[in-house]
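Please read the report below with the sequence and the model side by side. The headings follow the chains, their contacts and some local details of the backbone.

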Amino acid sequence: MTRTGLFSTIPEDHRDRLMDLGRDVAFPAGARIFEEGSKADRFWVLHTGAVALDLHVPGRRPAVVETIGAGELLGWSWVCPPRQWHLGAEAVSPVRAWEFDAQEVLRLCEHDPALDHALLTYVVGTIGHRLRSARTRLLDLYGPYGSGEPR
Amino acid sequence: MTAIPLPYRVVETRPETADTVTVRLEPVHEALPPFAPGRFAMVYAFGVGEAPVSVAGILPDGGLLHTVRAAGAVSRALCALAPGAVVGMRGPFGTGWDLPLAAGDDLLVVAGGIGLAPLRPLVQAVLAAPQGHGRLNVLIGARTPDDLLYRGELDGWARPYCGITVDRPGAGWRGRVGVVTTLLDEALFSPAGTTAFVCGPEIMIRATARDLLHRGLAPDRILVSLERNMHCATGHCGHCQLGPLLLCRDGPVVGYERAEPLLSVREL
């Protein structure tokens, strides 16, 4: 686990301090991990399983916009105001994860600039990757010819 | 390879999705020379026109499977064929997937949309002779769950991994949602000893190849299938030119060390 994703990007001594704040949690398949609009006060790094990120659509079932899997960061809305979840999250399969209290981590970062930098670099990289993926999917590459082109 | 189309009869059609059909063809008289995975035929719908179609299945009796998506006049005509109809066939053309290059390697087969069709015979060849290679990983991206090809076969392709992700999930979909490269985190391979076979829209090919290079695959171990406007299929008309390559002859399968600089040129 410490060799992949977030944990691989943080220098070892800083990583140990971060890991001291983490706790091992499990979610059964179908569990709602957080709801869109609620307070973003935690984040997770998935160990096993997959989580669907969804968007509330009035009058319809939530629309899944992306799934994330083992080694990936679940939740970044805690980084900046308004610190509310932009999406909902549901376990697609049984999930094991490291859970972190965002306030505790932010307090630790205030006194550890190297950890702060490594953590934010990773979070920004994750956001960038998901933005690129979303933009690529906007092109509707697999759709009927011309369906993704601007009108 | 023949310059004159040989007659092939449609013996079976199988709808794959709402707009895609797999057609099984058998020679009426003489058969074309043997096909290999990744190569293509020029299929002539009489009275409509001719289109390049990759081989999606190579049958022991000389029959061929072609998976066709209704996108233009010729492909719509091919999708509408009924058993008993006759088409003209030329081929085989182009370069195929170089499976001997990957001897002993872990294999990454990465497909986007209809790009799974040219990769299907490659997967079948690996499954038929698994001792020749390492781990087989098949990664499939589709628009929606309803757009998945060969649904009845996919479970048997997990040797050890077959992952599927879609752009737009429908109700009841419990699988992955996102771009196909996200599946690379789940695949089981050693980058230094892996060969990748990639087919799909060119943006997807470039994104996949970039990710594979980042993970340590050598460019010449990333084989990609490119598509241009093929007409003659014999390297004479130039419609399928991509820089120095005529893709009907020098492709469609090329190593990424050749494809990368060409794909980065605007409007080439």
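How many bridges pair S1(B) and strand S2 (residues 20-27) of chain B, and in which sense do they pair? There are seven bridges between S1(B) and S2(B), and the sense is antiparallel.

## Basis of the description

This is a predicted model, in which local features need pLDDT of at least 70 and side-chain atom pairs count only at pLDDT 80 or more, while totals for chains, interfaces and linings use all residues. Residues are numbered from 1 along each chain as its sequence is written, and chains are lettered from A and ligands numbered from 1 in the order in which they are written.

Helices (H or I, at least four residues) and strands (E, at least two) are DSSP runs numbered from the N terminus, and two strands pair if DSSP finds at least two bridges between them. A hairpin of four residues leads from S1(B) to S2(B), and within this pairing B:Pro15 stands opposite B:Val21 in S2(B).

Strand S1 (residues 6-15) of chain B also pairs with S7(B), in the antiparallel sense and over four bridges, with B:Leu6 opposite B:Met89.

## Two domains in chain B

Chain B is divided into domain 1 (6-93) and domain 2 (100-263), with bounds that come from an automatic or database domain assignment. The centres of the two domains, taken over C-alpha atoms, are separated by 22 Å. Counting two residues as in contact if their C-beta atoms, placed from the backbone, lie within 7 Å, 18 residues of domain 1 of chain B meet 16 residues of domain 2 of chain B.

On the domain 1 side, the elements that give two or more residues are strand S3 (40-45), strand S4 (49-54), strand S5 (57-58), strand S6 (64-69) and strand S7 (86-93) of chain B. The residues of that side divide into nine nonpolar, six polar and three charged, where Ala, Val, Leu, Ile, Met, Phe, Trp, Tyr, Cys and Pro count as nonpolar, Asp, Glu, Lys and Arg as charged, and the others, Gly among them, as polar.

## Where chain B meets chain A

Between the chains, 21 residues of chain B are in contact with 19 residues of chain A. Strand S9 (136-142), strand S11 (176-177) and helix H3 (202-214) of chain B are the elements that give two or more residues to the chain B side, and H3(B) supplies the largest share, three residues. By class, this side has 10 nonpolar, four polar and seven charged residues.

## The sheet in chain A

Chain A has an open sheet of four strands in the order S2-S7-S4-S5, with antiparallel pairing. Strand S2 (32-34) and strand S5 (63-68) of chain A stand at the edges, each with a single partner strand, so one side of each is left without a neighbour in the sheet. S2(A) is joined by two bridges to strand S7 (residues 88-91) of chain A, and A:Arg32 stands opposite A:Glu90 in S7(A).

## Core and buried positions

A residue is buried if 20 or more other C-beta atoms lie within 10 Å of its own, exposed if 12 or fewer, and partly exposed in between, with C-beta atoms placed from the backbone. A nonpolar core is a set of buried Ala, Val, Leu, Ile, Met, Phe, Trp, Tyr and Cys residues joined through C-beta atoms within 7 Å, and the largest such core has 108 residues, with A:Val51, B:Val109, B:Val198 and B:Val224 having the most contacts inside it. This core draws at least three residues from each of domain 1 and domain 2 of chain B.

In the loop between strand S13 (222-225) and strand S14 (241-242) of chain B lies B:Ala233, which is buried, with 25 other C-beta atoms within 10 Å, and which has a positive phi near 70°. B:Cys240 is in the loop between S13 and S14 of chain B and is buried, with 24 other C-beta atoms within 10 Å. Leaving aside neighbours within four places in sequence, the contacts of B:Cys240 include B:Met230, B:Leu246 and B:Cys248.
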